[in-house]
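The sequence and the structure are shown first.

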Amino acid sequence: MASGSLAGQRNRFARWRGLAPVGVLVLLCVVITVISPNFLSFSNLVRLLSGAAIPLVLVMGATFVILMGSIDLSVEGVVALAAVITSMLVLNDFTSADLGLLAVPVAVVAGGCIGFVNGFVHVRLKIPSFMATLGFGFAGVGVATAILGGFTVRIADRGFRELALGRFLDVPFSVWLAGMAVLVAWVIQERTRLGRWVYAIGTDEVTAKHAGVPVERTRILVFTLAGLFYGLGGALAAAQLGQGHALMGTGRLFTTITAVVVGGTALSGGVGSVLNSVIGVGIVIVLTNGMVLMGIPPYVQQGVQGLMIIVAVALALDRSRLVVVK
Amino acid sequence: MIHKRLGPIARRQLLRRDLLKGAAGFAGAGVLAGTFPRLAAAQSGEWTLAISMRSLANPYHATFAAGGEAYAESVGAPFEVLITEGNSEKGMADIRALLARTGGKLVLNVDPNDSPDARVIVEECQRAGAYVVTQWNKPDDLHPWDFDPNYVAHMSFDGVPTAQAVAEALFEAMGGEGGIVALGGILSNVPAIERKIGLDNAIAATNGKVQLLDFQPADWNETRAFEIMQAWLTRFGDDIKGVFAANDGMAIGALEALRQEGKAGAVPVTGIDGIEAALFAIEAGEMAGTVAWDPNWTGGIGLALGHAVALGEIDIAAEPHEHREFYGTGIVVTPANLAEYRAMDAALDFGDFWGKSPGQIQYRG
């Protein structure tokens, strides 16, 4: 009897727990609006969306990898290389190329290639994803450095920059593009076998293997997919900042992983979804914007950010399935 | 060489750009030079010239190395580039290897990865009979005159007056009054602290005409600066009459956030470092100024001075202290003197060691 009611409580809590990240996001918005009513103005919402566009694209890739129980640390390297490639293919002051928007698919494919190598090395050489992706991330920055010798490519292509500067219904194109990326990721997660397999591997790889899931192929595919998203993120970064250089990705890795985890996707794999990560990006971006709006002293901001991560993860974590915590 | 490959497809003909291209090419050359030891140089008794620095991935250091190469080429001496990759151990191991390979016949211009490294490097160089010039980082109690004649000199830049000067250029572009927002570097970095002091001094000197609406550290990062600028536009809107950034990367980030709102050029922005993107933004009327550190000059002159001492042309031990620890000059570049600056940049004079220095290095407790 007692144990039955306990289980019942746990069930109710489990349902509530799934909504924890949304609750955190809503609470944040309410608090910020009370202190700084400008937060909810249309122009600020557009700014939030435009700031969220690139992180959104990046987390779409990272979410699948983390759902599988792996990690991808190559974000910054791939973003940098893709941004440099993009900037050298549109009208610029370094090469004579002028591919315009065609540079975007090239960058996406380049990102996918690094992702494929990540996955291939990780699976075939049995190198932990942590090390493989860390290594290729550094290699990405290294190649970008070797190509440019430390210098910055300036983008002169107005048409290409419209990706970030142009608007449809008052919202930048980059935001629409990020929305499409979310849609694609959601369809992959919900409507394809790949999506099912990712959850199966993340929950219990051995069982998944016995059940006939092509584990190795799925892993390589997922890392490739992640690379494709990072490539798009890099192209958007080039459009947003109007340049390409080897350090373009700096800071992206932390935002990406934080957003995924804060959104409620477990680093242990199997739990979470791309929609969780959308909420996670929302939390990270709203917090960054809100702390400046509320005038929180810079010294305190980092502390608040750290606390936020702990609170969000503590609320979203399903402890019933945890046997050991490492 | 990479620049040979890029050369034919390069389109801009600006002098500065060409220098940069040269550096891009030498990135490849440097790697090769490190791979194949120049035994011939050591045997012929020539002095090998070398530069050691953090990375080729940022414009400052890449140009610093290009300046060194330009001097080495001008005297026909063998030239090497050592990259620490932010790793002090690697930096010192590479220097030791080069000292051994050249038998101590080395002139080194080094930007130590971290201040304590400078002491080890100086001691190793003295033991081997090599000559060393340090840049930016060294412990306050380590002085060239304590290691005569091998520790030739230490060069640095004073962030306070330069930040103050560029802030004044910003205020002038704003019409002398109004609210500004400021982006700082990583809070614990010495240059970030100095540049903030310079900004504060400039604001204080306006007697309340210019107000600092908000100050945020953006960690030298343009993406971070972009996000903070967006939030500022919401918080302060049109009250922002100017943007001060402690480096050019953050200035560009803020500028792009303004551009997204159609405000690029309407709100003056200043940076520091003099990177190419900032110079173009000044040309386009979108930035009001930057400070050029002249890494071409520091890269070249450090080697030129050390080389002159090695060849016995200068008795460095007899030189006064202000010739041993001296500041380079940060040049404030504004729309008014941009053309002049670009012309000056192409004409480097490696014979005048101290002509550009505003004086001896001061230590702020």
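The crossing of α4(A) and α6(A) is left-handed. In this predicted model, the helices concerned are α4, residues 75–89 of chain A, and α6, residues 129–148 of chain A, and their axes come within 6 Å.

**Packing of α4(A) with α6(A)**

- The axes of α4(A) and α6(A) cross at roughly 25°; angles under 35 degrees count as roughly parallel, and the two helices are therefore roughly parallel to each other.
- On the α4(A) side, the contact is made by A:Val75, A:Glu76, A:Gly77, A:Val78, A:Ala80, A:Leu81 and A:Val84.
- The residues of α6(A) that they meet include A:Phe136, A:Phe138, A:Val141, A:Ile147 and A:Leu148.
- By class, this contact comprises 13 nonpolar, 3 polar and 1 charged residues.

**Packing of α3(A) with α11(A)**

- Helix α3 (residues 42–67) and helix α11 (residues 215–241), both of chain A, have axes that come within 8 Å and cross at roughly 170°.
- Because angles over 145 degrees count as roughly antiparallel, α3(A) is roughly antiparallel to α11(A).
- From α3(A), the residues in contact are A:Ala53, A:Ile54, A:Val57, A:Leu58, A:Met60, A:Gly61, A:Ala62, A:Phe64 and A:Val65.
- Their partners in α11(A) include A:Val222, A:Phe223, A:Phe229, A:Tyr230, A:Leu236 and A:Gln240.
- The contact of α3(A) with α11(A) has 17 nonpolar and 3 polar residues, and no charged residues.

**Contact between chain B and chain A**

- In this contact, 39 residues of chain B face 36 residues of chain A.
- On the chain B side, two or more residues each come from α2 (15–35), α4 (59–75), β7 (210–217), α9 (222–236), α10 (248–260) and α11 (276–283) of chain B.
- Among these elements, α9(B) gives the most, with 11 residues.
- The side of chain B that touches chain A consists of 20 nonpolar, 10 polar and 9 charged residues.

**Domains of chain B**

- Chain B is divided into domain 1, which takes in 2–157 and 294–329, and domain 2, which spans 159–292.
- Domain 1 of chain B gives 5 residues to the contact between the domains, and domain 2 of chain B gives 6 residues.
- On the domain 1 side of that contact in chain B, 4 residues are nonpolar, 1 is charged and none is polar.

Methods: Residues numbered from 1 in each chain as written. Chains lettered and ligands numbered in written order. Predicted model: local features only at pLDDT ≥ 70, side-chain atom pairs only at ≥ 80, totals over all residues. Domains from an automatic or database assignment. Contact = placed C-beta atoms within 7 Å. Nonpolar A, V, L, I, M, F, W, Y, C, P; charged D, E, K, R; others polar. Helix = DSSP H or I, 4+ residues; strand = E, 2+ residues; numbered from the N terminus. Axes fitted to C-alpha atoms, helices over the stretch in contact; angles between N-to-C directions. Parallel < 35°, antiparallel > 145°, perpendicular 65-115°, else oblique. Left-handed = near helix turned anticlockwise from the far one by under 90°.
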